[in-house]
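Here is a short tour for anyone opening this model for the first time. Have a look at the picture, then read along.

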Amino acid sequence: MQKKNTIAAKLNNLLFYIALILIWQGVYYWGTAIAGLWKPYALPNPLGVVESLKKLAVTGVLFQATAYSLRRALIGFLLSILIGTVLGLVIAASDYFNRNLKPLLTGIQSLPSVCWVPFAILWFGLDESAILFVVVIGSTFSVSLAIENAIRTVPPLYIKAARTMGASHLQLYRDVIFPAALPGFLAGLKQSWSFAWRALMSGEVMSAYVGLGYTLMAGRDIADINQVTAVMLIIILVGILIDRLVFSNLEHRILKQRGLV
Amino acid sequence: MALEIRHISRTFTGSRSETLRDISLTIEDGEFICIVGPSGCGKSTLLNIIAGLDTASDGELFLNGNPITGPGSDRVVMFQEHALYPWLNVMDNVKFGMKLAGLPKEEQAARAEHYLKMVQLWDFRHYKIHEISGGMKQRTALARALCLDSPVLLMDEPFSALDKQTTNKLRSDLEHIWEETRKTILFVTHSVEEAVFLADRIVVLSDNPGCVRDVFPVDLPRPRQIDSEDFLKVRHQILSCVEREVQKFAKEEYDRG
Ligand SMILES: Nc1ncnc2c1ncn2[C@@H]1O[C@H](COP(=O)(O)OP(=O)(O)OP(=O)(O)O)[C@@H](O)[C@H]1O
Ligand SMILES: [Mg+2]
């Protein structure tokens, strides 16, 4: 029954998107060929996008760009997790830093990552490390806030129980607070990942290094709006795919193991 | 001389009145003390202070002459809610405190087996916490608390969520364990019958502010028969004391509102 429902829902989804694409193509055809409202190269159309994708795939640009972008994103995000976790633990464990540092981090996190691009260029030049810098700075604080929030919302009873059983400070963190905070942390990491991925694109569009952001701008340079759209779709898909395969998957497993879903 | 509570008061910040006022009690080594009183009178608060999880606004506590300054495994608590860890299965929850204490693995396994069998959960040892019933959770928590073999055991209405049969069984089990080990037990309950069945002395708290209304020694021979004449007499005596408290409280509420 459950399974039937999800299949039906998926089919429903699929039909919706097929319809959307058909309408898109229809409107495009009507606007260019019949009503003559705009020039064919002014708007993307599904067939053109598919054509572009094919071209990008055949030349290998698509895979190369995706691989480079993914590599940067993963390295940058791992760095963010490392730095962000340390910072997050500091603001979670210390009242002083929680009161003073956390508002600052929240403030910085609200800054769109593209605002860091000038800094990146001034410090690192138009370099690979400039892109990495934007990714790291764009997602580190989000990781810190996720950790802090996850730790703050651990049920106090868990901690009380452990303390009456004689848990030391270290044991309290290792055996109670970390495992209890894990699902919340993973949920937060999902958001941090989307920050990292967006920051990467901000960094890549201004650089001349192989990557999806660069390919996007290359499409603009040759005024190929279908290629631009094709790359945008790939950027969306890769972001979602990583979220689904890595973070949502992990989160779901842990929640299931604890009977929370 | 074991546990000395001297003039404990507790006022929560932001609350208008004192929750506990001037509580003094001396609990001897190996005594079984039950605390009864109307809901909200501060029983859990008192237990938390003894556990070292909360600090009194005023007054002092001593365990064997040493002031109590924080929680410790010499005073294991069984909470009103089960407080088990959902990322561990039944067995690992029971072993949790022993692992913290660094007990040898074989010892951990032996004690866990002993107490899991006692609370009749041996067959469920591999279950996740969300896969067992509320009563089974409470029994797991009991096994976990007993495993640590602490000289003082603080229990906050541990059986209140269980059905009658399970409660009766666990009560006798607890009595047996107490007779064997001679732990000092502080047991909060809202059931006067339970208190009369278990306690050497029953402390009745009054409400608003919570203070010691009366202390009743229970001299009945063990194991106690809950339908014997003496039992019913003691039960009646304490019940009327508690009920006066509850009525007084209800009347005050009524007068105020
Ligand atoms: N952390 C807290 N902050 C403020 N007030 C509190 C806090 N904890 C308890 N209280 C208040 O103290 C009073 C006593 O609470 P407590 O939990 O000790 O009652 P209790 O006797 O255990 O009741 P029950 O039998 O219902 O469990 C209540 O009025 C409650 O509102
Ligand atoms: Mg209570």
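## Sheets, helices and a ligand

In β7(B), Leu154(B) is the bridge partner of Val77(B). Before going further, a word on the ground rules: this is a predicted model, where local features need pLDDT of at least 70 and side-chain atom pairs count only at pLDDT 80 or more, while totals for chains, interfaces and linings use all residues. Residues are numbered from 1 along each chain as its sequence is written, chains are lettered from A and ligands numbered from 1 in the order in which they are written, and side-chain values use heavy atoms, with hydrogens and water left out.

Back to that pair of strands. β6(B) and β7(B), the latter covering residues 152-156, run parallel and share 4 bridges. Strands here are DSSP runs of E with at least two residues, helices are runs of H or I with at least four, and both are numbered from the N terminus. Two strands count as paired if DSSP finds at least two bridges between them.

Both strands belong to an open sheet of 6 strands with mixed pairing, in the order β6-β7-β8-β3-β9-β10 (chain B). Its edge strands are β6 (75-78) and β10 (211-217) of chain B, each pairing on one side only. From one strand to the next, the twist averages 20 degrees. Helix α5 (164-181) of chain B packs on this sheet and touches β3 (32-36), β7 and β8 (184-188) of chain B; contact means heavy atoms within 4.5 Å. The direction of α5 makes about 155 degrees with that of β8(B). Such angles run from 0 to 180 degrees between N-to-C directions, and the axes are lines fitted to C-alpha atoms, for helices over the stretch in contact.

There's another open sheet to find: 4 strands in the order β2-β1-β4-β5 (chain B), with antiparallel pairing. β2 (20-27) and β5 of chain B stand at its edges with a single partner strand each, so one side of each has no neighbour in the sheet. Helix α1 (43-51) of chain B packs on this sheet, touching β1, β2 and β4 of chain B, and its direction makes about 125 degrees with that of β1(B).

Inside that sheet, β1 (3-10) and β4 (58-63) of chain B are antiparallel over 5 bridges. β4(B) is also joined by 2 bridges to β5 (66-67) of chain B. The hairpin of β4(B) and β5(B) has 2 residues between the strands, and Asn64(B) there takes a positive phi near 50 degrees.

| Residue | Distance to an oxygen atom of ligand 1 |
|---|---|
| Ser39(B) | 2.6 Å |
| Ser44(B) | 2.7 Å |
| Gln80(B) | 3.0 Å |

Finally, two loop details. A cis peptide bond, with omega about -10 degrees, joins Arg222(B) and Pro223(B), and Pro223(B) sits in the loop between β10 and α7 (229-256) of chain B.

Key. A polar contact is a pair of N or O atoms within 3.5 Å; within protein, one must be able to donate a hydrogen and the other to accept it, and residues adjacent in sequence count only if both atoms are side-chain atoms.
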